[in-house]
Amino acid sequence: MKQLIALNINDNVYEVPVDPRDLLVDVIRKKVGLTGTKKGCGLGDCGACTVLIDGSPVLSCITLAIACQGKKITTIEGLVENSGRLHPVQQSFIDHGAVQCGFCTPGMILTAKALLDRSSRPTLEEIKRGISGNICRCTGYKKIVEAISAAGETISQEGVK
Amino acid sequence: MFLNHFNYFAPQSAAEVLDLLGRLGSRAKMLAGGTDLLVLMKDKVLAPEYLIDIANIAEFKGIAYEPGKGAVIGAATKIAEIEHSAIIREKYFALHQAAGALGSVQIRNMATIGGNSCNASPAAETPTPLVALGAEVVLASLTGERKLPLEQFILDNRKTALAEGEILTKFILPEPAPRSAGRYSYIGLRDAMEIDAVNMAVNLVLEEDDLTLKDLKLVMGSVAPRPLVSVEVPGLLSGREFSDTLVHEASRAASGEATPISDIRASAEYRQEVVAVLARRLLYEAFAAAKEV
């Protein structure tokens with residue numbers, strides 16, 4: 001039976017009718033219409049569906065939408081500033097050519113953002129370990145790691161959050 | 001890959017959870033992190049009629065440490081919180097290591113320590129060090145609470161001692177003995193998002209001479225249907241001075257005790273060899289660490 005729930009996504013509150021079994025990724029993509037979040041394996045293995053809940057990266061394909069009431073959800077669309085300026089991690093991915101097919105990119109960027117929120121100057125090892133739950137099928141990890149490292153430097157210089 | 005239809009409850013207190021569980025019994029499943037449960041439901045292995053979401057129950061969450069007494073960890077505590085806890089790192093290093101080795105960043109933000117034991121996968125990360133550290137679990141139901149050593153809680157592959165209407169609420173870790181140290185390690189195909197081919201934890205206590213082994217516990221994961229507590233290794237090492245020869249003997253003994261199967265992740269023969277390698281490594285590491293305490 002469907003019930004109406006309120007979801008806070010990127011600081012906007014959306015009222016959506018959901019069935020208890022509806023997964024967060026499907027609600028974000030199909031009911032809210034934010035298609036930046038990707039659905040890859042659907043089993044919590046690939047990281048493409050990563051979103052931030054209360055600032056921490058989680059897998060929206062194995063999260064019930066109904067369990068997310070009262071929480072703050074951030075998707076890739078929520079990283080752009082109101083002025084239209086991209087988040088330093090997004091800009092760095094463009095500058096470093098860290099996007100190939102692009103399917104892993106939203107999840108990769110959100111995981112990287114949370115990593116840099118914790119410490120803006122991670123070592124290369126820490127970056128690799130940090131993104132090990134996000135699989136890039138194009139295997140373009142080298143540029144991704146470089147982009148995250150460079151974004152960390154921008155963030156620590158500018159003090160951006 | 002749709003889930004079956006179910007009714008969802010999000011109780012706000014432990015009492016409400018027990019009440020719901022008392023009424024619904026085995027028709028209900030606990031939803032904590034969901035990283036195992038929802039995948040099993042997608043695979044149609046499980047089709048519960050009710051899900052009771054315990055993620056928001058404050059009484060089931062958090063890490064409390066009292067010097068001299070030990071630590072109490074709520075069953076719904078996230079693996080990430082355990083990984084980043086300064087007190088767990090200082091006092092229960094083997095658990096800190098296992099928490100950091102579980103899944104990926106995302107999985108650690110979702111999964112809970114209680115779920116990792118209740119799921120009772122033979123390859124689970126945290127039960128191995130928890131058993132080595134002497135953890136007890138607290139099981140609650142409408143009729144009260146009971147305590148059980150974790151090694152008596154996990155009974156078999158996917159089987160626990162949970163009775164109808166019962167829920168695991170917390171883990172109790174004893175205060176580490178003086179001159180003791182625990183270490184954890186594993187072998188798998190890759191570091192993240194893998195299922196361990198073998199994992200192991202060693203917790204050892206030294207005598208005042210910093211050389212004689214007073215007591216130790218070696219626990220193996222993924223080589224038996226449940227965490228396998230070595231009987232032979234403590235028998236060989238307790239009361240004796242630490243030496244290369246003894247470590248070698250002990251590692252062969254552990255290997256002999258393991259009863260692994262061959263599956264897609266590793267052959268039984270390989271696992272048996274890896275047990276000896278990990279046992280040797282961990283005995284040296286834990287011995288060196290215990291001398292520093």
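Predicted model: local features only at pLDDT ≥ 70, side-chain atom pairs only at ≥ 80, totals over all residues.
Which residues touch the most other members of the largest nonpolar core? Residues are numbered from 1 along each chain as its sequence is written, while chains are lettered from A and ligands numbered from 1 in the order in which they are written.

The core has 137 residues, and B:Val198 and B:Val202 touch the most other members. Such a core is a set of buried Ala, Val, Leu, Ile, Met, Phe, Trp, Tyr and Cys residues joined through C-beta atoms within 7 Å. Buried here means that 20 or more other C-beta atoms lie within 10 Å of a residue's own; 12 or fewer make it exposed, anything in between partly exposed, and the C-beta atoms are placed from the backbone. Helix 12 (residues 268-292) of chain B supplies the largest share of this core, 9 residues. Helices (H or I, at least four residues) and strands (E, at least two) are DSSP runs, numbered from the N terminus. Setting aside residues up to four places away in sequence, B:Val202 touches B:Ala132, B:Gly182, B:Arg183, B:Leu216, B:Leu218, B:Leu282, B:Leu283 and B:Ala286; a contact means that C-beta atoms, placed from the backbone, lie within 7 Å.

Helix 12 of chain B also has a helical partner. Its axis comes within 8 Å of that of helix 11 (residues 244-257) of chain B, and the two cross at roughly 140 degrees. Axes are lines fitted to C-alpha atoms, for helices over the stretch in contact, with angles from 0 to 180 degrees between N-to-C directions. That makes helix 11 of chain B oblique to helix 12 of chain B, given that under 35 degrees is roughly parallel, over 145 roughly antiparallel, 65 to 115 roughly perpendicular and the rest oblique. The residues of this contact split into 8 nonpolar, 3 polar and 2 charged. Ala, Val, Leu, Ile, Met, Phe, Trp, Tyr, Cys and Pro count as nonpolar, Asp, Glu, Lys and Arg as charged, and the others, Gly among them, as polar.

A:Pro88, A:Val89, A:Ser92 and A:Phe93 in helix 2 of chain A meet residues of helix 5 of chain A, including A:Ala147 and A:Ile148.

Back in chain B, helix 5 (residues 93-101) is largely enclosed by the rest of the structure, because 7 of its 9 residues are buried. The cover over those buried residues includes strand 11 (180-187) and strand 12 (198-206) of chain B. Just after helix 5 of chain B, B:Gly103 takes a positive phi of about 55 degrees.

B:Ala47, in the loop between helix 2 and strand 3 (50-53) of chain B, counts as exposed because it has 12 C-beta neighbours inside 10 Å. Leaving out neighbours within four places in sequence, B:Ala47 is in contact with B:Asn4 and B:Met41.

Where the chains meet, 24 residues come from chain B and 20 residues from chain A. Helix 6 of chain B gives the most to chain B's side, with 5 residues. That side divides into 13 nonpolar, 8 polar and 3 charged residues.

Note on methods:
Contact = placed C-beta atoms within 7 Å.
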